[in-house]
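Have the structure open while you read.

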Amino acid sequence: MKTLQEWLDWCEQLHPVAIDMGLDRVKTVAGRLDLRFDCPVITVAGTNGKGSTCAMLEAILLQAGYRTGVYTSPHLVHFEERCRLHGESASAQVFAEAFAAVEAVRGDVSLTYFEFSTLAILHLMARSNLDVAILEVGLGGRLDAVNIIDADCAVITSIDIDHTAILGKDRESIGFEKAGIMRAGRPVIVSDPVPPQSVLDHAAAVGADLWRFGQDFNFSGDKLQWAWAGRGRRYSGMAYPALRGANQLVNASGVLAALEALRQRIPVTAQAVRNGLAMVELPGRFQIVPGEPVLVLDVAHNPHSVAALAANLDAMGFYPTTHAVVGVMADKDLLPMLQKVNPMIDRWYFTDLPLPRAAKALDLQTIWAAQNTRKDVTASVHPDPMTALQAAIGAADPADRIVVFGSFYTVGGVLQEGIPRLQARHLSP
């Protein structure tokens, strides 16, 4: 019996390429595993908002008393974060047993790290006596390993430009890939307010039950509370979700639509909705850590999510100086990302990340410098996220704020020892 870490190390060298889109290999092994779910399955795809959507679904369904299973990726610190059963991460031992089960039937089929781990987690979840399974799509939808499961309800969050080399260079192409999780006669919740035509066309082509934001469900709100209305149900006077940021109301609206669409099989009470949204937690999604200076953690790593981060930072109020620790993958649309948030940042700390796909800190600094017109801004480069954060802490005053954003590896890199609690030195009077 191998440990989980040994399985993960082994999986990384099993397939010649890291990303190899297609379902044939995964379907073959899933068939040998006799992989199937005996409970409703919700699949969540989209460019941004997938993790938040899964977390809100889980929180509400747990409050309603259901045995939930959730698969999300990637993880921030520990691989075990990728699968939660009844609200808790599965143990390394249980993961290792699931990997062994996949290997026992894999035969000569070559699987990527993601495919192998996805099969192991799906096998683990299918055997856990769940009332409902929530599956986050890793990349795209149509050819993602998660799509071997026929979802009872599909949710498509925002659709924007990301992973263009694999999914296509425009929203229409990317939308078509996301739409691949739809199933005939089953509900698909599209919470993007302006969905690509390809998504609407595919819903019509496969005969899915399309729920559109602004037509089949919507929300309204003021500074104190918000309300939601769907095809046959309304909620009013709700407290805002515990996940911060204006974009979370769009995500929450899609969540409530999915729960309404499945209400015959997994009914939830209004109280479960209120409690779940009030208690939901998800590290690294505009996560504000109190301290001096205040710390903001966000896995925004494409222009759309960075624009949302910039708007959320702007809404926080005044801080004398904003410091930013940034590390991202080299295949991202780096220039518009930096442009969108540049007006908010006074001190940049670019960091290397421990994998070949990552952009070098020096390259990030060069790209940033080419578009920067502000004279009062500084930038530096660092070998890893924690070193960059320590440099920011050393330069910050107590009233400042530090933002750590970009790749999951960037935010995860500053969470290795737990959530940092910052206590800057106060200047002597």
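Helix α3 gives the most to the lining of the second largest pocket, with 6 residues. α3 covers 50-63, and α10 (270-279) also supplies at least two residues of that lining. (Helices here are DSSP runs of H or I with at least four residues, numbered from the N terminus.) A pocket is an open set of points on a 1 Å grid over the protein atoms alone, where a 1.4 Å probe fits and protein lies on both sides within 12 Å along at least five of seven lines; lining residues have an atom within 4 Å of a point.

This is a predicted model, where local features need pLDDT of at least 70, side-chain atom pairs count only at pLDDT 80 or more, and totals for chains, interfaces and linings use all residues. Residues are numbered from 1 along each chain as its sequence is written, and side-chain values use heavy atoms, with hydrogens and water left out.

The second largest pocket has a volume of about 710 Å³, the space filled by probe spheres set on the grid points. Its lining has 30 residues, and E58, R84, E281, L282 and P283 lie nearest the centre.

What about disulfides? A disulfide is a pair of cysteine sulfur atoms within 2.5 Å, and the whole structure has 0 of them. C39 is in no disulfide, and its nearest cysteine sulfur belongs to C83, 12 Å away. For C83, the closest one is in C54, 12 Å off and too far for a bond.

Both residues in the table count as buried (under 20% relative accessible area, with a 1.4 Å probe and protein chains only).

| Residue | Relative accessible area |
|---|---|
| C39 | 8% |
| C83 | 0% |

Conventions: Buried means under 20% relative accessible area, exposed over 50%, partly exposed in between (1.4 Å probe, protein chains only).
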